[in-house]
Each structure stands twice: as structure tokens, then as C-alpha cells.
Amino acid sequence: MALPLPPGLTPMEVAFFCEMEMITVVPRQRLESLELLGGPTPVLKPPQRANLPLWLALLLKRQRRANILPPPWLLPTSLERILRYETETSPNAFSPPPPHPYAVTARQAPTDTISPPFLPSSTDDAPPDCLPYHWLELGEILLEACSDDITDPGHVRTLLRDLREVRMAKMRASTKDFDAEGGGVNSLVGVGAMEVAEGRQFILGVMDGLRKLGASKEAARREQEAGGEGGDLSEDDEMEM
Amino acid sequence: MDISDILDSVTSTSNRADPFSSSPTSTPSGQALLQSLTRAYINERSSPSLLPWPANNLIPHISALIKSQIDAVELLTGDMDPRSNFALIIIQTELERWKFLLRGLLRARLSKIDRFAAFYLSEAESEEGRMSEDERAYALRHQALLKAHYDASFLGAFPANLRGLSDTAGGISMIEGPDAEKGVFARAIQDEVMFEAMGRESDGLVEMKRGEVVVARWKDVEEGVGNGELELV
């Protein structure tokens, strides 16, 4: 009964969450509103655009009941711009993620803490110059399911692959400065979901390995800082090895 | 509801509005529940230790919702006309996605309980509410079966003072727990989240902006995940 998967999301699960992203479709058939568990769907009236979760859009697309509008960042020109940013403007850090659509105000709102995949970062009015959290999976899924709706799918595919290569190299390089910022915390602003899933084993492996190698040194340092108070603690830490 | 609400509802339902938007004041909408369930699933799958049982009756609430949807589907299957057939496919697809999430969450918890049953049972007094009633019963039964099996297969042949499964002689506890220092990927879901981090070379205060993802030790971010400042990814 217990789940046999290793801890941490697998790429399959990441793709599943990606299918909750909102995407814009142009319906080709009328469809009345449906009472789903997640709330009612909009009435689909061709040719009015509507925002739907990706899984539903794919279902409609497969049955030729709707066309999918690719998000603005998936256009070849946008991807070229982002790629140029990733390689030339900031060769060490990821390009910035799209701004959060719900600004933090003094009044707390439930939208304040919404995070991907529930942010509308891939609808037709999404910012064109930022890769959203689920960019790689979304791009691949759309290329697979509706390459006829995408301008120049071959070029888009190449660009996505290039972006992936550039960013994976950055992801691996990030293990070099694990302790640069103090506290052993490594910030990855703008990282994508699939990149986390792919890099997880490697990065956490490096991190845990280094931690275990340096456990006694770390404990000694902490003991020194605390003025010899943490005697019991260091013993425990060494035992863990 | 005043006049501006009515005007809003007339102007904004022109199909472009977010179909799953919900008014924040009402009881949790389906969309809000889905977000909570998704977050609970991802957190549970990514954290090394068992997280507290989801608050606000999330699981019973969602189970009830799924059950009522199944009933609705059964009613719809009664009048099978071809047009409602496609609608039924959509409803069932969505239903399966919810069931997948719920099942995955519960099974991820079970796998942690299986692995460290003795540990979670031994800390029971201080960590009340980490396991649900059913999970506690499951863990107890699991541990009892394991003990009986060990006794029958080899422990019975040992001297009586070597038969314990929870000795702490020599400073080492026999009960193995999850690795609290294991690394995790965490994202800030509120602005300006601060936490104290223990590093190899130095300790320090870490500040995160909303949406930022960091790699950190589970022990350092556990509190933030618990009080809703951070989520795991």
C-alpha cells in the first residue's frame, strides 16, 4: 500500500502538476459549463477564448473540439530573447521568473500565497519575457499535443533544448558555492520544476555528502561559537556518521 | 452583495475570467481545496519526515467531496445520451486526478510510517496530531507484527537482555528516525521569509523573497513549512 516512489517529486508527478496550469484555448464547439470538483468550467462558445486547466485543454484538443493558444513566452522570438539573456546577460544565474500576479498589499488575501501551478503564468496574457516555473514540461507537452498550433515548432523545440542545456549547466554549477552566502543555503531564483526534479538527486547528494564529511568539523565550530555548551550535540552529530 | 458586486458579476463573466476564481469569504471553494491538497501532497512527498496530519479537516472534507462526485457520475451514467457522454468523460477525468492526489498523499504518509513506525510511535506524547487515528492504529499494528516476527524468527533465541528493540545503551538509540538534516528544495510563499540556517562553514539568517527557491536543510525550514511561510518543491 505504501507509495514505492523515492522521496522528492518524480518527473512524472511534475508533469501531472504541470497539467493544472491554466492555458488559453479557442473552442471550436459549444460546451456548457460543467460542475467539476475544482469549480465550474466556463461556458465554451466559439470563437471566444477561455482559460482552462491544461489537462482539460488537452482533452478538448485531442478530440478536435478546441485549439490551444501557446503562451506568449513559447513564441520563437521570446525564447530567443530569453536564451540570449541566459547566455549573455546573466551567464551564471537563471533568468528571472515572471512577477507574481497578485501583489502583496497590507490587506492579507488568500491569493497572496498562491504558487505554481495555480498562477496564471501561461495564459495568452502572461508576460512574454520570463520562463514560468513549469516551462520545460509545458513546452514539451504542447509540442507533443498541438504542434499545429505553435508557430515554427521545430525551431521552438531546438530553442527549448538549448535553454535546457544552458540552465542544467547552471544548476550543476550551483553546487560549487553551497556555502557562499552563509548558512549553507543556496538560492536558485527562477529555477524550473523539471530542473528541480532532475537535479534533486545530484544536488542533495552533494549536499548531504559534504555535510557528512564535515560533520565533526561543523560540530566543533559550533561548539567553539557556543563556548563549549554544545558538548552533547557534537557527540550526537559524530554518531550519525 | 452591493451594486458593484452585481456589476462585476455581469462584466467579468465574459468567459475570460478565471473559471476557478473564488470569493475569499465563503467556505473553501473547490479550487482552494485543490490548492491545499496539492500543497499537502508536494510537501509530504518532498519532506524527509512525516508532516503533521493536514489541518482543517482537509482529508475528510475532500473524501466527502469525491464521494458526492462519484454519486453524481453514477446518476449521469443513467441517462446515456451521446452529448452528455463527453461531459461525463471530463468529469471523470477530473475525479480521477483528485483521487490520484488524495491516494498519493495518504500512501506517501504510509511509506514513511512503515519505515520509521517505532520512531513516530515513541515520540507520540510530544507530537500529538502528527498521525491521524487510523494511521496511529496502523503504525501500532505494524510494529506489533514486526516485533512478533522478529521474536519468532531470531530474537527468541537471544538472551533476554538482548531482546529489546528500543535500547539506548552506549548513547545510541536503536530507534532510527528520519534524517532531519537532509537537504530539501523550499519555496517562499510569503514575502520576506526569514529563518536561521546552519551551514557547514557558517550559520546565518536567511531572507527569502516570495517565489524564491532555495536548497536548505530540512531542520532549518521545517518550522516555516509548518506555519505556511514556505512550501517544498
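# Structural report on chains A and B

Glu192(B) lies in the loop between strand 1 (183-188) and strand 2 (193-198) of chain B. Although Glu192(B) is not a glycine, its phi is positive, at about 55°. With a relative accessible area of 55%, Glu192(B) is exposed. The model described here is a predicted one.

The relative accessibility of Asn56(B) is 74%, so the residue counts as exposed.

## Overall build of the chains

Chain A contains 8 helices and 6 strands. Their order along the sequence is α-β-β-β-β-α-β-α-α-α-β-α-α-α. The C-alpha trace of chain A spans about 75 × 45 × 40 Å along its principal axes. Its radius of gyration is 22 Å, whereas a compact globule of 241 residues would have a value near 18 Å.

Chain B contains 7 helices and 5 strands. From the N terminus on, its elements run α-α-α-α-α-α-β-β-β-β-α-β.

The contact column gives the share of contacts joining residues at least 24 apart, among contacts between residues at least 6 apart in sequence.

| Chain | Residues counted as buried | Contacts joining residues at least 24 apart |
|---|---|---|
| Chain A | 50% of 241 residues | 68% |
| Chain B | 40% of 233 residues | 62% |

## Annotated domains

For chain A, an unreviewed UniProt entry lists "domain: DNA replication complex GINS protein PSF2 N-terminal" at residues 10-69. This span is 28% helix and 30% strand, and its end C-alpha atoms lie 28 Å apart.

For chain B, an unreviewed UniProt entry places "domain: DNA replication complex GINS protein SLD5 C-terminal" at residues 178-233. Over residues 178-233 of chain B, the chain is 16% helix and 46% strand, with the end C-alpha atoms 19 Å apart.

## Helix 4 of chain A and its surroundings

Helix 4 of chain A is mostly covered, with 8 of its 11 residues buried. These buried residues are Trp135(A), Leu136(A), Glu137(A), Leu138(A), Gly139(A), Ile141(A), Leu142(A) and Leu143(A). They pack against several elements of chain A, namely helix 1 (11-18), strand 1 (22-27), helix 2, strand 5 (66-69), helix 5 (153-173) and helix 6.

One of these partners can be described in further detail. The axes of helix 2 (residues 54-62) and helix 4 (residues 135-145) of chain A come within 11 Å and cross at roughly 10°. Because angles under 35 degrees count as roughly parallel, helix 2 of chain A is roughly parallel to helix 4 of chain A. On the helix 2 side, the contact is formed by Leu54(A), Leu58(A) and Lys61(A). These residues meet Leu138(A), Ile141(A), Leu142(A) and Ala145(A) of helix 4 of chain A. By class, the contact between helix 2 and helix 4 of chain A comprises 6 nonpolar residues, no polar residues and 1 charged residue.

## Individual residues of chain A

Asp208(A) is situated in helix 6 (residues 193-213) of chain A. Its relative accessibility is 8%, and Asp208(A) therefore counts as buried. Leaving aside residues up to four places away in sequence, Asp208(A) touches Glu181(B), Lys182(B) and Gly183(B).

Gln63(A) occupies the loop between helix 2 and strand 5 of chain A. With a relative accessible area of 36%, Gln63(A) is partly exposed. Gln63(A) and Leu74(A) are 11 residues apart along the chain, and their C-alpha atoms are separated by 23 Å.

Two cis peptide bonds in chain A may also be noted. Pro46(A) and Pro47(A) are joined by a cis peptide bond with an omega of about -5°. Pro47(A) is in the loop between strand 3 (39-40) and strand 4 (50-53) of chain A. A cis peptide bond with an omega of about 5° joins Pro116(A) and Pro117(A). Pro117(A) is found in the loop between helix 3 (76-89) and helix 4 of chain A.

Note on methods:
Residues numbered from 1 in each chain as written. Chains lettered and ligands numbered in written order. Predicted model: local features only at pLDDT ≥ 70, side-chain atom pairs only at ≥ 80, totals over all residues. Heavy atoms only, no water. UniProt positions renumbered as here; feature names shortened; annotations may be inferred. Helix = DSSP H or I, 4+ residues; strand = E, 2+ residues; numbered from the N terminus. Axes fitted to C-alpha atoms, helices over the stretch in contact; angles between N-to-C directions. Parallel < 35°, antiparallel > 145°, perpendicular 65-115°, else oblique. Contact = heavy atoms within 4.5 Å. Nonpolar A, V, L, I, M, F, W, Y, C, P; charged D, E, K, R; others polar. Buried < 20%, exposed > 50% of the residue type's maximum accessible area, 1.4 Å probe, protein only. Rg over C-alpha atoms; globule rule 2.2 N^0.38 Å.
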